[in-house]
Amino acid sequence: MGFEGAMPEISLSINGAPVTGTVEGRTLLVEFIRETMKLTGTHTGCDTSQCGACTVHLDGKAVKSCTMLAVQADGAEVTTIEGLAPEGEMNPMQQAFNDHHGLQCGFCTPGMVMRAMALVADNPDPTEAEVRHGLEGNICRCTGYQNIVAAVLDGAKALRG
Amino acid sequence: MSNVKIGESLRRVEDLRFLTGHGRYIDDINLDGQARAVVVRSPYAHATINSIDTSSVADMDGVLLVVTRDDWQREGFKPMPTKSGVKNNKDGTPLSQPDRHALAIDRVRYVGEPVALVVAETLQQAQDAAEALDVDYDELDAVTDPVKALAPGAPQLWDDIPNNLCLDFELGDKDGTEKAFAEADHVVSLDVLNNRVTAVPIEPRGCIASYDASEDKYTLYNASQNVHANRDTFAEVLNIDPAKLDHIAPDVGGGFGAKNSGYPEPPLCLYAAKRLGRPVKWINSRSESFLSDTHGRGQSSRVELALKADGTFMGLRTTTIGGIGAYAWTVGPFTPTGGSARTQGGPYNFPAMYYSGKAVLTNTAPMDPYRGAGRPEATFQTERIVEYAARKLGFDPIELRRKNLMPKEMLPHKTPMGLDVDSGDFPKLFEMTMDMVAKADQAALKAKAEAAGKKYGFAIAPYLECTGGGPKEHAGVTFNKDGSVELAVGTSSTGMGHETSLAQILAAALGIEMGRVKFQQSDTTATPLGGGHGGSRGMEVGGNAVKQAADEIIELAKPIAARLLQSETEEVDFEDGTFKAGASSVSMNDVIEASQDADKLPEGMEPGCLNHSSVFERGIISIPNGVHAAAVAVDTDTGTVEFLGYWVMDDFGTIINPMLADGQVMGGVAQGIGQAFLEDIVYDPDTGQLVTGSLMDYGLPHADEIPNMEIGYYEGEPTKKNPLGVKGAGEAGCVGACPAVVNAVLDALKDDGVTHIDMPLTPQKVWKAIRDKGAHDPKALLGDAA
């Protein structure tokens, strides 16, 4: 049983490029990003908005893209992990994750990096405690967080310049 | 010449794609024409299946196929085999292995057990049809606790397996241990729970199956950490030649054991793909993962320690009842039996030990290895009874441990559990750890805790564990004309960084640039055999396979070098990427280049002659060991625990890449801390429903719940059991963590009369234990069942 008839068209920008698409009313933003836009760096790790692997930026704020409908992103500017740096390059936060071994399996990593970028945008010089608190909405099962925290602190420093 | 060395913290080469969103995980793969599958799972813990009415969904939008038990029986598909390392009961009879089919045949025996596979054009259509499928059940009584499942009158899961007892196991000297207990000045006994948990890799399981009728060949992309063994299992189930099944794991988002097993969904999808002539994709949801991923630990044990008046250990006796779920899963029966027996007693000198373990079937999800599989349990059992005995008998817990560690002169030593402890220096690591702790100034930490109105606790936990997993590994090296070097290994990195560490071993051994190495893993078409991931075998078996292949390539290359140097093969030596004969030398790079050029090769050698495969076989498992220590502050008003320090000193033998080893330790400790304070798989004892079925109910540790750790390595005692001298690093973190943190909390509460709290130490349980001072029953779990 679908939602026949209700197929709204949405227009938004993803990673700086204008995008128009038709979605079902029930289509989640993460589904639109992954399946319609084929941007598979944004991941789905749970079904209860706990893990944060799907974190993207919506008008500059970190949001869990599994927790909003695609239609709610109509008119918004969305940035995904693929939009942080030119193809084949890393921004200072991504570089800090590489330098500090802040990732292992890589599945939570895009969400973790997107959350970290939003965190330092709000608070360019966070303390370790602020970083740990700020990452509460993102779960990593591999690293024990120590190296993620070190990466975020170092990435924040690099972004401050 | 390459600058790459073993022991260097090289940055990971796989990070670029993971950090930029270009990893390729199972759900990122889509094949042309694919259909989507959803598993219909049992809503009951125990029920008879009266009927499955596929006509109830046949006309729904997009539905293509419903696979049921009728298909499975008509096709004559086989049950999935258990590959438990222990196969016989202590009386010599074989373990009781019920048929485990991919779909329930007559009865369902746990909530979440697959009953049917619905395939439709889209995921939403498959979900709708799976929800609508009419299955008629008659519910039966269920039992979820293994101790209760053994008791008279318990619901019986299988008509032919009395008392739900799958495997009854023992190890060690029973009579000798009894004698030690009889002669002891002190005997201390405590029931210890190792709570049931699950791995929760952040990427859920999933697969895509396809079938090529023209070649009668299957291809399976699967989030597996063990493609070769799984291929053999699936081929056995489906009555096909393993050579007709290509099994490939793409990037895998964590495993920790939960992606090791032969699961039901891949053979169901392979069958559906053949039936439909279309690829079939299945991705588990997180809620389904809690129901259907393998769980781990889940042991109730009575641990008994015999001591002389001066505290010298005389004997250790452990009696364990372990739930293994409703079936004997891939290696499920092994963990509470042989898997937990081997490292009993840890690094202490025990003249006598005896272990008995029962693997019990219950109406719960299957149990299979979870990071450590038996060694965390053994270490927890040993360390809890040592701490408990120290408190009860008035010994200083640190001194009691120090007194009983095996001295270095005792090694090599075969423990009463039969474990071959070849190398190590346990007292040295103990003192190195205490030195690390001393630098942190315990008095200051204690003052800090007390200034905040909290109680300070400290504990130290020496551990000794062992490796495991497949003993054989393949490494294949191919030198391409474009200068790249392909390295294909049958190991399976699910985050451990083998793309870097195994390439590092090859590059260091050959003296070539790291950037030339192209790594391939987890593909049955790329390597003829492979042991995948498990038992901390990546560097121990995989690393040694790469080293062996490289050493053999150097020998193959010597005649080429000799020709280039106008010398004799016997006169050529190799060191640091350079072949030398007398005063002349030629680099490995030049020799590799010459190996592609017929004009530069000695007679009888063909271009490509350096391409080489090697199979390394481990003889005896290695013994990683070390010491964890934790300092905590406990708020007795709220029961919450704060970390003030965490220290680890490990002997993993030779460290290939310290940065990656750190990552393994940190991640393992975090999983141990998660188990100790938050994580708990809870089934409703009456209905058998899973209470902790989502990330809202099952607590995973977050960034503000894990402390920074200070980690050190002792490399002075590399093992001689393998050429690299590595002992394995992947699981040790969660072997040492639980006892260190639990004992630290109990140290903080020693003046409150609190003697024991079973994991997880949630604030509520800690708070209640403080209020119940002295009320703990040391026989709380097994009663008279032990």
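Two strands are said to pair here if DSSP finds at least two bridges between them. The legends below describe close-up views of a predicted model.

Figure 1. Strand β12(B) spans residues 280–283, and both of its faces are covered. B:V280 and B:W282 lie on one side, B:K281 and B:I283 on the other, and all are buried. In a regular strand, side chains alternate between the two faces of the sheet. β12(B) pairs in the parallel sense with strand β1 (residues 35–41) of chain B, over 2 bridges. In this pairing B:A35 has B:V280 as its bridge partner. Strand β9 (residues 206–212) of chain B runs antiparallel to β12(B) and is joined to it by 4 bridges. B:K281 in β12(B) is the bridge partner of B:I208.

Figure 2. Of the 11 residues of β14(B), 11 are buried, and the strand is described as mostly covered. β14(B) pairs with β13(B) in the antiparallel sense over 9 bridges; here B:R302 stands opposite B:T319 of β14(B). The hairpin of β13(B) and β14(B) has 5 residues between the strands, and B:G311 in this hairpin takes a positive phi near 95°. The pairing of β14(B) with β15(B) is parallel and also runs over 9 bridges. B:L316 has B:M353 in β15(B) as its bridge partner.

**Figure 3. Helix α6 of chain B and its buried face.** The helix covers residues 174–183, and its buried residues are B:T177, B:A180 and B:F181. Seen down the axis of α6(B), these buried residues fall within an arc of 100°, so they line one face of the helix. The face turned away from the buried side carries the exposed residues B:D175, B:K179 and B:A182. The cover over the buried residues includes β8 (186–198), β13 (295–307), β14 (313–323) and β15 (352–360) of chain B. At the start of α6(B), a side-chain oxygen of B:D173 comes to within 3.3 Å of the backbone nitrogen of B:D175.

Figure 4. β22(B) and strand β23 (residues 578–581) of chain B pair over 3 bridges in the antiparallel sense. B:K580 in β23(B) is the bridge partner of B:D573.

**Figure 5. The nonpolar cores.** The largest nonpolar core holds 166 residues, of which A:F97, A:V152, B:I385, B:F458, B:Y646 and B:V741 touch the most other members. Helix α19 (residues 732–748) of chain B gives the most to this core, with 11 residues. Leaving aside neighbours within four places in sequence, B:I385 is in contact with B:V188, B:S189, B:L190, B:V303, B:E304, B:L305 and B:L316. A second, separate core of 49 residues includes B:L487, B:A549, B:A561 and B:A562.

Figure 6. Because its relative accessible area of 11% is under the 20% cut-off, B:D752 counts as buried. The side chain of B:D752 makes a polar contact of 2.7 Å with the side chain of B:K455. Leaving aside neighbours within four places in sequence, the contacts of B:D752 are B:K455, B:I770 and B:K773.

**Figure 7. B:E617 in strand β25 of chain B.** B:E617 is placed in strand β25, which covers residues 612–617 of chain B. At 48% relative accessibility, B:E617 counts as partly exposed. B:E617 and B:G470 are 147 residues apart along the chain, and their C-alpha atoms are separated by 9.0 Å. Apart from neighbours within four places in sequence, B:E617 is in contact with B:P471 and B:K472.

Key:
Residues are numbered from 1 along each chain as its sequence is written. Chains are lettered from A and ligands numbered from 1 in the order in which they are written. This is a predicted model: local features need pLDDT of at least 70, side-chain atom pairs count only at pLDDT 80 or more; totals for chains, interfaces and linings use all residues. Side-chain values use heavy atoms; hydrogens and water are left out. Buried means under 20% relative accessible area, exposed over 50%, partly exposed in between (1.4 Å probe, protein chains only). The arc is that of the directions from the helix axis to the C-beta atoms. Contact means heavy atoms within 4.5 Å. A polar contact is a pair of N or O atoms within 3.5 Å; within protein, one must be able to donate a hydrogen and the other to accept it, and residues adjacent in sequence count only if both atoms are side-chain atoms. A nonpolar core is a set of buried Ala, Val, Leu, Ile, Met, Phe, Trp, Tyr and Cys residues joined through side-chain atoms within 4.5 Å.
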